[in-house]
Amino acid sequence: MGNKKIAVASGVALAIAAYGGATWYAGQKAQASYAQAVAELRAFLGEQTVVADEYHKGFFSSQAKLVLQWSAPTEEGLQPVAGDAPPPALQPVRLVVDTTVRHGPLAGSHLAAASAQSRFALEGLDDNSRQALAKATAPTLTTVHRFTGSHELRLLLPSGEIGDGEVTLRWQEMVLDTSVSGNRVQGTWRWPELALLGLSSRDDEDAEESDEDDGDEVAAGPVARTSLTFQGIDSSFDSTAIDGLWGLGPGKASLRVARMGLSRTPVEGEAQTLLDLKDLAGSSVVEADQATLGMTTEFKGAGRIGPLDFESVGYVQKLQRLDIEALRNIQRALVDGYRKDGLAKAMEGLDGQGADVLAQNAPRLVAALPAYSMKLQATFQGQTGELDYGAEVRSAPAAEQIAATGWMPALLQGTLLHANARLPKAWLAPLLQATGKPEATADDVEGMVGMAHASGYARLEGEHLTSALKIEGGQMTLNGKPMALPMAALQ
């Protein structure tokens, strides 16, 4: 009996020692992995952004703190008026990430090398920003590091809202689950409700700006408000990353939205429904070979657009033969610009820099013979209308051709552009009524059809109006008849 007790005690001691050794090893690995992640973050964001990095290692768990800082943008060249106090210096905004790392092999409730929970906080906000965020709770990120080298992440954003008294962004709890194994990324995304409420209507803003430009003093008053809502967002994705190219890789994704609404409340009167779509379903497929990638996106649903109830609405969009190396170059240049100049200056110079980078990589993009197409389709009162358009580079222009004619004329010589429309004639009266002409009669509709047909802009094929525009080889045709190219296309 004594020997058995000694054996049991020895076994327990060995198990404890083994668990302790495994926990110590997992803690070492967790610290090394964290240090590597921070080093990669520094390389991506720049040394000026990562201003603090702490890691306090314990036996069963560790604590880490990371602080990222972005300086507030400044307006150069502005001098204070004599006698005025200089404006207060703007404080930089800091993102503080506090992380608790639990070491394996039993990391919290997971059998894993480590489990980490990160909490986020913003510092340096002004009073208005703090007040706007008073009803919002920061998200948490839970990461589980498996012994196989894979990672599982859950980003959870609790219910909340952000508002300034006029415009409010409100949401229910959002959950994003992601699994990363090598270059493969899989996951699901669920957001029961998201609403953006109280946006001032563009027409009211334009009217106010116009009056101000005229030098008239405009008294602040009520404006129309627009609201956008989403319900039942549910998505899944499965993609394999391409080295050196962030966010694009072969794979597939799906998205479902139970309901999407857009409404406008005028200054006087009741709210008006501009959009009310239901049962929206979309999918996206990315395919790639060694040199190029392509993407096909489909979306369909049903519901109300303005006063018209559609049995179905949808589109199919295709991007084909995009040069991977050119995309890498564009992304790399934009990231390098951020590292060099920081966020504020990078955003200020984005338009010019982006145009320069695109121009530098345009020959490579064109040489891959890219193509784009969009097909829109809708069914209303049992009849279906279609609109499709696109462009396809069929041959890349030679340098001599570009030098002789200029870039755009040379590109047009080897590019096909097309647009086709097929509209049920029965739609014309409801469309006219929807645009504010309820007095339109059958004779008015027939007159419009006759004018479009006589001018050559449309053809009548049975109960449909059709139109086909094509530009190929530097020549333009409308419904088969040659037409002069717009001068802008030749410049």
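Biologist: In this predicted model, what makes strands E1 and E2 a pair?

Modeller: Pairing takes at least two bridges, and seven join E1 (residues 50–57) to E2 (residues 61–70). So they count as paired, and they run antiparallel.

Biologist: Why is Thr466 called buried?

Modeller: Its relative accessibility is 7%, and the cut-off for buried is under 20%, so Thr466 counts as buried. You'll find Thr466 in strand E22 (residues 464–472).

Biologist: What makes the set with Trp191 and Phe310 a nonpolar core?

Modeller: Members must be buried nonpolar residues, joined through side-chain atoms within 4.5 Å. The largest such set here has 16 residues, and Trp191 and Phe310 have the most contacts inside it. Strands E12 (184–200), E15 (272–288), E17 (308–323) and E18 (371–380) each give two or more residues to this core. Apart from it lies another core of 13 residues, including Ala30, Leu45, Tyr55 and Ala116.

Biologist: Which residues does Trp191 contact, beyond its neighbours within four places in sequence?

Modeller: For Trp191 they are Leu157, Trp171, Gln172, Glu173, Met174, Gly232 and Ile233.

Definitions and conventions:
Residues are numbered from 1 along each chain as its sequence is written. This is a predicted model: local features need pLDDT of at least 70, side-chain atom pairs count only at pLDDT 80 or more; totals for chains, interfaces and linings use all residues. Side-chain values use heavy atoms; hydrogens and water are left out. Buried means under 20% relative accessible area, exposed over 50%, partly exposed in between (1.4 Å probe, protein chains only). Helices (H or I, at least four residues) and strands (E, at least two) are DSSP runs, numbered from the N terminus. Contact means heavy atoms within 4.5 Å.
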